[in-house]
Amino acid sequence: MKKGLLIIFSGPSGCGKGTIVQEIIKDENFCLSVSATTRQPREGEINGVHYQFLSREEFQSRIDSGAMLEYAQYCDNFYGTPADMVEKMRNEGKNVILEIEVQGALQVMKKCPDAVTIFVLPPSISELERRLHKRGTEAEEVIAKRIARAKEEIPLAENYKYVMMNDALETAVSDFYAIARAESQTYEANKEIIGEILSC
């Protein structure tokens with residue numbers, strides 16, 4: 001079975017990453033890695049579905065044992081990716097999406113040079129701010145922190161192979177699929193299959 005792609009999907013908070021991913025994972029060939037976090041659940045979020053919600057002590061224990069593919073601290077909370085589930089899903093032929101912050105993404109890029117890296121841009125900072133306010137889930141000071149962080153993160157798009165803008169959802173989803181299709185047809189992604197064909 002052909003191993004699935006590992007897709008790193010990053011962008012500023014509020015740029016619409018989550019909305020794009022929810023459309024993509026309707027396709028059974030794609031799945032979202034469930035990140036672990038120490039932040040409190042938002043209304044409607046389910047443990048093990050949206051995130052693995054851990055205490056700071058539990059999270060630190062996983063860091064110490066090397067069970068995290070990456071982790072980062074963002075707005076006073078830890079976020080990270082459990083390594084074992086990612087590898088299991090890829091070996092089952094699933095394309096695994098890591099929807100993660102830039103700090104964590106850079107760690108994964110070092111460990112997994114075959115990862116497909118995509119950075120999502122908002123149409124503008126003012127539109128980003130509007131979207132964050134529209135969510136209605138955070139205080140003004142937290143939104144201000146997220147905007148300040150976005151201005152730091154956007155220049156880091158230079159570390160990613162692909163950059164896409166989320167202005168219209170349908171276009172963004174189409175762009176994502178185009179990238180995934182191209183990456184699944186590279187020589188590197190098909191080396192094992194080529195070997196199997198030659199050994200027949």
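Is Asp114 buried, partly exposed or exposed, judged by its relative accessibility? At 45% relative accessibility, Asp114 counts as partly exposed, where buried means under 20% relative accessible area, exposed over 50%, and partly exposed in between, for a 1.4 Å probe and protein chains only. The model shown in these views is predicted, so that local features need pLDDT of at least 70 and side-chain atom pairs count only at pLDDT 80 or more, while totals for chains, interfaces and linings use all residues. Residues are numbered from 1 along each chain as its sequence is written, and side-chain values use heavy atoms, with hydrogens and water left out.

**View 1. The salt bridge between Arg90 and Asp114.** The side chains of these two residues meet at 2.8 Å, N to O, a salt bridge being a side-chain nitrogen of Lys or Arg within 4 Å of a carboxyl oxygen of Asp or Glu. Because Arg90 lies in helix α3 (residues 83-91) and Asp114 in the loop between α4 (102-111) and β8, the pair ties together parts that are 24 residues apart in sequence. Helices (H or I, at least four residues) and strands (E, at least two) are DSSP runs, numbered from the N terminus. Arg90, at 6% relative accessibility, counts as buried.

View 2. Arg130 counts as partly exposed, with 43% relative accessibility. Elsewhere, salt bridges that share partners join Arg42, Arg135, Glu138 and Arg146 into one network, and a search of the whole structure finds 14 salt bridges.

**View 3. The largest nonpolar core, with 23 residues.** A nonpolar core is a set of buried Ala, Val, Leu, Ile, Met, Phe, Trp, Tyr and Cys residues joined through side-chain atoms within 4.5 Å. Ile7, Phe9, Ile20, Ile97, Ile118, Met164 and Phe176 touch the most other members of this core. Two or more residues each come from β1 (6-10), α1 (17-24), β8 (116-121), α5 (125-135), α6 (140-153) and α7 (169-183), and the largest share, 5 residues, comes from α7. A second, separate core of 18 residues includes Leu6, Ile8, Val96 and Val108. In soluble globular proteins, nonpolar side chains tend to be buried together.

View 4. Val173 lies in helix α7 and, at 14% relative accessibility, counts as buried. Val173 and Gly18 are 155 residues apart in sequence, and their C-alpha atoms are 11 Å apart in space.

**View 5. Leu198 in helix α8.** Helix α8 spans residues 187-199, and Leu198 counts as exposed at 70% relative accessibility.
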